[in-house]
Amino acid sequence: MTSVQRLWRRSREYLSLKAFRCRRCGEVIYPPKRACPYCGSRDLVEITLPRKGRIITYTVINVPIEGFSKPTIIAVAELGGAKVMAQVVEGAEHLVEDAEVEVVLGKVGRTVEGLEYYMPAFRVVSGKDLKEGDTD
Amino acid sequence: MRPERRAGIVGWGTYIPPRRLKAEEIASLWGFAPEVPKGLWIEEKAVAAVDEDAVTMGWYAARSAIRRAGIDPSKIEAVFVGTESKPYAVKPSATIIGDALGVSTRKLATDMEFACRAGGEGIRFGIALVASGQARYALAIGADTAQANPGDVLEFTAASGAAAYIVGPAEEAAAEFEGVVTYVTDTPDFWRREGSRYPGHGEIFTGDPAYFHHIISSVKMLMTELGLGPDDFDYAVFHQPNGKFPLKVGRKLGFPKEKILPGIVTPWLGNTYNGSALIGLAKVLERAEPGQRILVATFGSGAGSDAFSIIVKDSIKERVKKAPTVEELLQSKVYISYGEYAKHRRILYRNVGG
Ligand SMILES: [Zn+2]
């Protein structure tokens with residue numbers, strides 16, 4: 001379970017979708033780290049990830065810990081070259097590998113102290129309500 | 001009053017959760033005659049999921065508004081969230097939404113409560129800040145996950161949704177505020193006490209002395225101050241506790257049905273409280289032509305009404321398509337049972353962890 005301090009430290013960074021691109025190996029790192037986890041390089045350039053991407057894989061947790069909705073669905077999606085893990089909060093009925101997702105603000109859990117946490121979350125879109133060039 | 005420096009709507013956005021509960025299902029469960037929802041003109045209502053709230057819905061609407069405005073969110077200097085269903089009793093929603101959007105830290109931010117009209121007051125504050133040169137852009141949000149006691153007639157309409165407006169200089173606006181007035185009295189028509197899950201309402205107060213009196217008063221004041229009459233407006237949008245009241249209040253004020261119907265959303269969405277009139281306005285903006293004049297009147301129990309006169313400008317058309325429209329959000333839906341509704345709205349009380 002996440003602490004209030006940890007949430008406060010990380011949430012702004014997570015929500016802004018700021019990431020790093022490694023100048024040496026080209027990998028995209030989200031959330032940002034001091035060094036590239038793939039090659040160790042510190043030559044990193046800050047980028048902002050697009051809000052639309054595709055599901056790589058996902059898992060359904062039918063017995064989540066207290067404070068999470070039941071079931072809790074966690075997915076990994078590719079967003080502008082980065083692999084981003086987040087909770088699926090909408091559109092679970094369209095959830096398949098390669099499904100299109102949009103990053104929204106999700107109320108994904110609650111700490112033991114009673115603080116809600118609002119984090120980037122995925123909304124799976126069926127494609128119909130997507131706009132052309134809708135990538136910001 | 002006419003603002004000193006002209007202000008307008010630079011961007012707008014809405015959010016309607018996709019889950020819908022049919023009024024006939026509520027009627028059959030609690031033993032209401034089918035005429036009851038028909039009499040209110042309510043067909044179905046939008047239901048927020050268990051992990052949605054005024055913050056997540058308000059954020060979504062605001063992001064669409066920013067996209068329509070085409071502005072950098074760090075230039076927004078005020079965030080007002082009108083809601084009567086904020087996630088915390090103490091801890092502002094405006095700060096959470098502001099940071100999640102990347103709004104400037106040099107800003108005003110507050111949650112406002114005045115039943116269903118706090119979002120309208122947020123727009124007035126935005127106009128005041130822009131008109132007085134104290135902010136370039138202000139974001140005003142109306143968002144609610146409205147509560148209703150199970151089996152109360154209010155349950156047919158109490159719904160979830162959000163609308164967001166970015167107020168900015170008239171030169172950049174898609175629609176300009178021509179004038180605005182607010183009419184407020186102390187009226188005991190609807191309330192919810194601290195710690196109470198569901199609101200109470202003073203039956204005899206809910207119609208004439210509350211909704212009708214306040215909207216009619218604010219609209220008449222606005223028309224007198226601007227020297228305008230019903231013929232001068234192309235559309236009239238009113239707060240919509242149900243589908244029937246806005247048509248009735250419009251008729252009393254001399255507006256034909258044809259000018260009111262385009263802004264009606266409640267029969268297919270329910271009453272989204274702070275979202276209600278503002279989602280109706282969004283729907284009208286999404287079909288309006290440059291040069292047209294729109295009347296908007298909010299209503300909040302307690303009670304008060306803001307009346308706005310808005311003139312549509314040339315840039316409206318190009319902004320409509322930059323984010324989901326109200327029509328698109330109304331079409332995007334899945335039907336749920338009363339049981340699923342009860343789970344999502346936390347009507348079922350469940351012991352967790354013994
Ligand atoms: Zn690398």
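Visitor: Let me start with one residue. Is A:Asp98 buried or exposed?
Guide: This is a predicted model. In it, A:Asp98 is exposed, because there are 9 other C-beta atoms within 10 Å and the cut-off for exposed is 12 or fewer.

Visitor: And where is A:Asp98 in the chain?
Guide: A:Asp98 is in the loop between β6 and β7 of chain A. Its phi is near 80°, a positive value in a residue other than glycine.

Visitor: What about B:Arg346, which value does its phi have?
Guide: B:Arg346 has a phi of about 55°, which is positive although the residue is not a glycine. B:Arg346 sits in the segment after α13 (338-344) of chain B.

Visitor: Buried or exposed, that B:Arg346?
Guide: Exposed, because B:Arg346 has 12 C-beta neighbours inside 10 Å.

Visitor: Changing topic. Which residues does a cis peptide bond join in chain A?
Guide: A:Tyr30 and A:Pro31, with omega at about -10°. A:Pro31 is in the loop between β2 (28-29) and β3 (44-48) of chain A.

Visitor: Which residues does a cis peptide bond join in chain B?
Guide: B:Gly302 and B:Ala303 are joined that way, and omega is about 5°. B:Ala303 belongs to the loop between β12 (293-297) and β13 (304-312) of chain B.

Visitor: Now the inside. How many residues does the largest nonpolar core have?
Guide: That core has 148 residues. Those with the most contacts inside it are B:Ala61, B:Ile97, B:Leu139, B:Ile141, B:Tyr165, B:Val167 and B:Ile294.

Visitor: Which helix gives the largest share of this core?
Guide: Helix α3 (residues 54-69) of chain B, with 10 residues.

Visitor: Pick B:Tyr165. What does it touch?
Guide: Leaving out residues up to four places away in sequence, B:Tyr165 touches B:Ile9, B:Trp12, B:Ala65, B:Ile123, B:Ala140 and B:Leu278.

Visitor: Last topic, the two chains. How many residues of each are in contact?
Guide: 16 residues of chain A are in contact with 20 residues of chain B.

Visitor: Which elements of chain A give two or more residues to that side?
Guide: They are α1 (4-15), β6 (82-90), β7 (100-110) and β8 (116-125) of chain A. The largest share of the side of chain A that touches chain B comes from β7(A), with 5 residues.

Visitor: How many charged residues does that side of chain A have?
Guide: The side of chain A that touches chain B has 7 charged residues, along with 6 nonpolar and 3 polar ones.

Terms used:
Residues are numbered from 1 along each chain as its sequence is written. Chains are lettered from A and ligands numbered from 1 in the order in which they are written. This is a predicted model: local features need pLDDT of at least 70, side-chain atom pairs count only at pLDDT 80 or more; totals for chains, interfaces and linings use all residues. A nonpolar core is a set of buried Ala, Val, Leu, Ile, Met, Phe, Trp, Tyr and Cys residues joined through C-beta atoms within 7 Å. A residue is buried if 20 or more other C-beta atoms lie within 10 Å of its own, exposed if 12 or fewer, and partly exposed in between; C-beta atoms are placed from the backbone. Helices (H or I, at least four residues) and strands (E, at least two) are DSSP runs, numbered from the N terminus. Two residues are in contact if their C-beta atoms, placed from the backbone, lie within 7 Å. Ala, Val, Leu, Ile, Met, Phe, Trp, Tyr, Cys and Pro count as nonpolar, Asp, Glu, Lys and Arg as charged, and the others, Gly among them, as polar.
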